[in-house]
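Hi,

Here is the structure I said I'd pass on.

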Amino acid sequence: MDHSGHGMMMDMPPFTLGRGLQWSAEPFFLVTCLLGLALYGWGVVRLRRRGDTWSMARTVSFVTGVLTIMLVMCTKLNDYGMVMFSVHMVQHMVISMLSPILILLGAPVTLALRALPTAGRGRTGPRELLLMLLHSRYMRVITHPLFTIPMFIASLYVLYFTPLFDFLMGSKTGHIAMMVHFLAVGVVFFWPIIGVDPGPHRPGHLMRMLELFAGMPFHAFFGIALMMASTPMVTTFLHPPASLGIDALSDQSSAGGIAWAFSEVPSVLVLIALLFQWYGSEQRQAKRKDRQADRDGDKELEAYNAYLASLSTRQG
């Protein structure tokens with residue numbers, strides 16, 4: 001039996017990490033990832049050639065993020081993910097909660113805005129189109145917490161607890177579309193929270209933390225629901241190939257455990273990133289105040305001292 005063009009035969013050997021990490025490229029994701037890396041590299045080289053700097057940490061983060069997508073979509077993890085719920089859940093968690101964070105920390109939009117040339121007066125080029133998109137009503141809607149948090153939650157419950165999942169898994173196109181959806185939802189959810197790239201919503205650091213933690217309990221509960229279920233929840237994984245030597249219900253329980261455990265990973269990563277950003281913004285604000293004090297002879301301090309002197313005069 002072949003699974004929708006993925007070459008998934010019923011005599012697949014039992015899953016091991018070594019077998020799962022063997023190269024098995026999915027053409028759409030392979031081409032997209034290589035194109036993303038090439039464009040990012042072009043942007044960095046363009047900045048360097050004109051004497052501008054670009055953070056190596058951002059480059060490493062973006063490249064690592066793209067490589068995590070290739071890890072789960074261009075290896076046999078993708079093949080095993082068609083017949084094993086637990087492996088599919090690893091794919092889902094990485095591509096929706098790890099890859100987006102790493103890619104966003106790479107600030108690809110900021111790089112594009114700095115690297116792309118301006119089209120000139122009265123003309124519209126790639127940079128102008130990107131700015132129009134960033135300032136569009138569409139972008140304001142899809143990056144608003146009232147959209148991103150419900151979408152993040154619905155991507156779990158509506159997808160897995162309705163026939164939609166089985167429908168999408170029934171074709172190669174549907175499976176690719178589902179994985180693209182996971183990645184896109186992760187990007188729009190974490191974009192305002194991480195806040196490296198410019199966007200319509202730039203909440204304060206405390207609000208970003210609240211947005212982050214608003215979605216995570218639902219994610220953990222989804223994992224617990226899968227672990228506690230007494231019957232298989234999705235038809236796709238109801239009859240795994242006998243050669244795998246797995247039980248559908250125990251594999252589903254493993255998938256739930258993966259979803260539950262993974263809900264902590266982005267929380268920790270984003271929290272660390274936010275604390276660094278918060279500290280950095282405080283440092284920049286302090287430096288700005290120091291420069292202002294140098295320029296105006298510290299008028300604020302003089303005014304405060306004069307105020308204290310006036311108080312002591314009154315008391316006298």
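**What I found**

Ser-230 is exposed, with a relative accessible area of 62% (exposed is over 50%, buried under 20% and partly exposed in between, using a 1.4 Å probe and protein chains only). Ser-230 is in the loop between H12 and helix H13 (248–262); helices are DSSP runs of H or I with at least four residues, numbered from the N terminus. Its C-alpha atom is 9.4 Å from that of Ser-253, 23 residues apart along the chain.

Before the rest, some housekeeping: this is a predicted model, where local features need pLDDT of at least 70 and side-chain atom pairs count only at pLDDT 80 or more, while totals for chains, interfaces and linings use all residues. Residues are numbered from 1 along each chain as its sequence is written, and side-chain values use heavy atoms, with hydrogens and water left out.

On to the rings. Searching the whole structure gives 16 aromatic pairs (ring centres of Phe, Tyr or Trp, the latter by its six-membered ring, within 6.5 Å; planes under 30 degrees apart are stacked, over 60 edge-to-face, the rest tilted). Phe-152 and Phe-189 are stacked, because their centres are 4.2 Å apart and their planes at 10°. This pair links distant parts of the chain, with Phe-152 in helix H9 (residues 145–160) and Phe-189 in helix H11 (residues 172–194). Phe-152 is buried at 4% relative accessibility, and Phe-189 is buried at 1%. Tyr-157 and Phe-222 are edge-to-face, with centres 5.8 Å apart and planes at 75°. Here H9 is linked to helix H12 (residues 205–228), across 65 residues. Both Tyr-157 and Phe-222 belong to one aromatic cluster, which also includes Phe-85 and Phe-237.

H14 gives the most to its lining, with five residues.

Cheers

Conventions:
Helices (H or I, at least four residues) and strands (E, at least two) are DSSP runs, numbered from the N terminus.
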